[in-house]
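Subject: Structure handover

Hello,

Here is the structure for your files. My notes on it follow below.

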Amino acid sequence: GIQYVLDIENNTAIISRYVSNDAEINITESIEYNYNTYIVTSIGSAAFSSCSSLTSITIPDSVTSIGSSAFYNCSSLTSIEIPNSVTRIGSSAFYNCSSLTSIEIPSSVTSIGRYAFYGCSSLTSIEIPNSVTSIGYEVFSDCTNLKEVIFEENSKFTSIGDWAFSNCTSLIEIELPDTITIIADMAFRECTSLTQINIPDS
């Protein structure tokens with residue numbers, strides 16, 4: 001089952017590890033322990049790492065952070081809904097989730113860590129909300145079926161990190177927002193299908 005680390009003072013809980021082979025998991029908003037209620041606020045580092053049988057997971061609105069490597073190498077995961085309470089997606093959070101066909105990044109998210117969606121080779125489209133102002137190192141690298149990257153209207157996006165979209169071999173075109181000021185090294189390396197990219201005056 002799910003293991004937690006409890007913060008007795010604040011009555012909160014962090015998911016520390018999942019030990020089971022269930023295909024579907026529904027994380028509850030709170031847990032009871034010793035007659036106290038603890039609100040689940042975070043999915044900890046590597047909590048569901050390499051859970052190869054996991055196909056879908058439901059995250060409650062109480063969660064504000066998805067830790068680094070939280071779903072690392074969950075190669076069978078096809079469905080996950082990130083609630084509009086999450087502000088941070090940690091580094092390598094969905095690294096090599098190769099069966100994940102779609103994911104919606106909510107407008108509450110302000111930070112996406114490096115390698116967050118590296119190797120999500122079944123993703124075909126991604127929309128980056130205007131709450132996100134930059135993406136770092138290799139965030140969408142090796143997303144080989146990614147055809148479309150959309151920046152939400154009124155984007156405040158400023159920076160694409162090193163190798164961010166490298167080896168996105170199905171990416172055909174991308175329209176960058178007018179607010180962008182930095183496109184780092186190798187950002188679109190080996191994007192062999194890319195036929196059109198607009199680089200704004202900024």
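Leaving aside its neighbours within four places in sequence, which residues is Phe-117 in contact with? They are Ile-89, Phe-94, Ile-103, Ile-105, Ile-112, Val-139, Phe-140, Ser-141 and Cys-143, where contact means heavy atoms within 4.5 Å.

On provenance: this is a predicted model, in which local features need pLDDT of at least 70 and side-chain atom pairs count only at pLDDT 80 or more, while totals for chains, interfaces and linings use all residues. Residues are numbered from 1 along each chain as its sequence is written, and side-chain values use heavy atoms, with hydrogens and water left out.

Core. The largest nonpolar core has 59 residues, and Phe-48, Phe-71, Phe-94 and Phe-117 have the most contacts inside it. Strand S2 (12-18), S5, strand S11 (125-128) and strand S13 (148-151) are the elements that give two or more residues to this core. A nonpolar core here is a set of buried Ala, Val, Leu, Ile, Met, Phe, Trp, Tyr and Cys residues joined through side-chain atoms within 4.5 Å. Buried means under 20% relative accessible area, exposed over 50%, and partly exposed in between (1.4 Å probe, protein chains only). Strands are DSSP runs of E with at least two residues, numbered from the N terminus.

Ser-49. This residue is in the loop between strand S5 (36-43) and strand S6 (56-58). Ser-49 counts as buried because its relative accessibility is 14%. Apart from neighbours within four places in sequence, Ser-49 is in contact with Arg-17, Ser-69, Ala-70 and Tyr-72.

Tyr-4 stands opposite Ile-15 in S2. S1 and S2 form a hairpin with four residues between them, and Asn-11 in the turn has a positive phi of about 55°.

Other positive phi values. Asn-154, a residue other than glycine, has a positive phi near 60°. Asn-154 is found in the loop between S13 and strand S14 (159-160), and is exposed because its relative accessible area is 60%. Phi of Trp-163 is also positive, near 60°. Trp-163 lies in the loop between S14 and strand S15 (173-175) and is partly exposed, with a relative accessible area of 26%.

Ile-199 is in the segment after strand S17 (196-198). With a relative accessible area of 60%, Ile-199 is exposed.

Regards

Definitions and conventions. Pairing = 2+ DSSP bridges.
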